[in-house]
Amino acid sequence: MPIAPSTYFDHQAKRADPGLLSARAKRDALLLPEIRRVHKAHFEVYGAQKLWRHLGREGFSVARCTVARLMRANGIEGAVRGKPLRTTFSDKAAPCPKDHVNRQFQAAAPNRLWVSDFTHVSTWTGFVYVAFIIDAFSRRIVGWRVSRTAHTGFVLDALEQALHDRRPRCPPTIKLREQRQSG
């Protein structure tokens, strides 16, 4: 092993005699069963903040960051609020869209290659979807649209905006990243 022999023997001595552990390690060994007990008693939904407050009410003087560190180190997690948003439902049987630019996203001049994608953004009223058309030459957004639903039309609206604003002489090569939605 690439460690010093003294480190190995020190570790073995601490395993054999827990009295040789540091004060922090001794305190952690006492707190961890309490953290597990409170977490289990509250249906494993408490996070670090609520666990820390509960331990404080029971008389344990411990820092919140210590509770968070011990929870993280031992794989203890609280419940996460909210429903996870799943935007893509891929169909493995469907053929993949053709790559018209062979993964070469450089352009020699403006309006020669546009790249499109869309994503979701969390707002106070819920999720919205944003579609972008980016000019590969200037790396600037040339068209965009926002929608409350993920439908093909709003991506095409972003493309129409880019075509109207830029008015290219010949239509650019457009690489659309296709995402399948079920629903």
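Ile-134, Ile-141, Trp-144 and Val-146 form a nonpolar patch on the surface, together exposing about 360 Å² of accessible area. This is a predicted model: local features need pLDDT of at least 70, side-chain atom pairs count only at pLDDT 80 or more, and totals for chains, interfaces and linings use all residues. Residues are numbered from 1 along each chain as its sequence is written, and side-chain values use heavy atoms, with hydrogens and water left out.

**Surface patch**
- Strand β3 (residues 140-147) gives the largest share of the patch, 3 residues.
- Ile-134 sits in strand β2 (residues 126-135).
- Patch residues have over 30% relative accessible area and no salt bridge, and nonpolar side chains (Val, Leu, Ile, Met, Phe, Trp, Tyr) are joined within 5 Å.
- Accessible areas come from the Shrake-Rupley method with a 1.4 Å probe.

**Helix pair**
- The axes of helix α2 (residues 23-41) and helix α4 (residues 64-73) come within 10 Å and cross at roughly 75°.
- That makes α2 roughly perpendicular to α4 (65 to 115 degrees).
- In α2, Arg-24, Asp-28, Leu-31, Leu-32 and Ile-35 meet Thr-66, Val-67, Arg-69, Leu-70 and Met-71 of α4 (heavy atoms within 4.5 Å).
- By class, this contact has 6 nonpolar, 1 polar and 3 charged residues.
- Helices (H or I, at least four residues) and strands (E, at least two) are DSSP runs, numbered from the N terminus.

**Salt bridges**
- The count is 5 salt bridges (a side-chain nitrogen of Lys or Arg within 4 Å of a carboxyl oxygen of Asp or Glu).
- Asp-10 and Lys-14 are joined by a salt bridge at 3.3 Å, N to O.
- Asp-10 and Lys-14 are about one helical turn apart, because they lie 4 residues apart in helix α1 (residues 5-16).

Notes
Axes are lines fitted to C-alpha atoms, for helices over the stretch in contact, and angles run from 0 to 180 degrees between N-to-C directions. Angles under 35 degrees count as roughly parallel, over 145 as roughly antiparallel, 65 to 115 as roughly perpendicular and the rest as oblique. Ala, Val, Leu, Ile, Met, Phe, Trp, Tyr, Cys and Pro count as nonpolar, Asp, Glu, Lys and Arg as charged, and the others, Gly among them, as polar. Patches are made of residues with over 30% relative accessible area and no salt bridge: like charges are joined within 9 Å, nonpolar side chains (Val, Leu, Ile, Met, Phe, Trp, Tyr) within 5 Å.
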